[in-house]
Amino acid sequence: RASMEGGDVHQSDREILDRLFTMFDRTGDDAVDYRELLCGISPLVAGTVREKLEFAFAVFDAAGSGQMRPQEMSFVLQSCNACASFFGDMVMTSEQ
């Protein structure tokens, strides 16, 4: 986490990275070791489609409620839009 503080990381990216860090830090010692990292990313590498979707949902379900609140859904859409823009794809305007 400390490496994000002074770096050139956009605020929305910081929020996602912070959420991933929290998800991966299974021991709660404010550090992610090699085993926690591998276990954390394993659904993305070898998981089923359902496991990958559950992982993505968990990243954006910041409250851990099992449901998306309007603020969380807005953040998901903004993140998808930013990703699409990065790769040169069409993006939605705020009016859409």
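A salt bridge here is a side-chain nitrogen of Lys or Arg within 4 Å of a carboxyl oxygen of Asp or Glu; Lys and Arg count as positive, Asp and Glu as negative, and His and the chain ends are not counted. The model is predicted: local features need pLDDT of at least 70 and side-chain atom pairs pLDDT 80 or more, while totals for chains, interfaces and linings use all residues. Residues are numbered from 1 along each chain as its sequence is written, and side-chain values use heavy atoms, without hydrogens and water.

**Surroundings of E36**
- E36 sits in helix α3, residues 34-46 (helices are DSSP runs of H or I, at least four residues, numbered from the N terminus).
- The E36 side chain comes to 3.0 Å from the backbone nitrogen of T27.
- Leaving out residues up to four places away in sequence, E36 touches F24, D25, R26, T27 and A31 (contact means heavy atoms within 4.5 Å).

**Salt bridges**
- The whole structure contains two salt bridges.
- One joins the side chains of E54 and R50 at 3.1 Å, N to O; these residues are four apart in helix α4 (residues 49-60), so about one helical turn separates them.
- E54 is partly exposed at 42% relative accessible area, and R50 is exposed at 62% (exposed is over 50%, partly exposed in between).
- E72 and R69 also meet through their side chains in a salt bridge, at 3.5 Å, N to O.
- E72 is buried, with a relative accessible area of 4%, whereas R69 is partly exposed at 39%.

How values were computed
Helices (H or I, at least four residues) and strands (E, at least two) are DSSP runs, numbered from the N terminus. A polar contact is a pair of N or O atoms within 3.5 Å; within protein, one must be able to donate a hydrogen and the other to accept it, and residues adjacent in sequence count only if both atoms are side-chain atoms. Buried means under 20% relative accessible area, exposed over 50%, partly exposed in between (1.4 Å probe, protein chains only).
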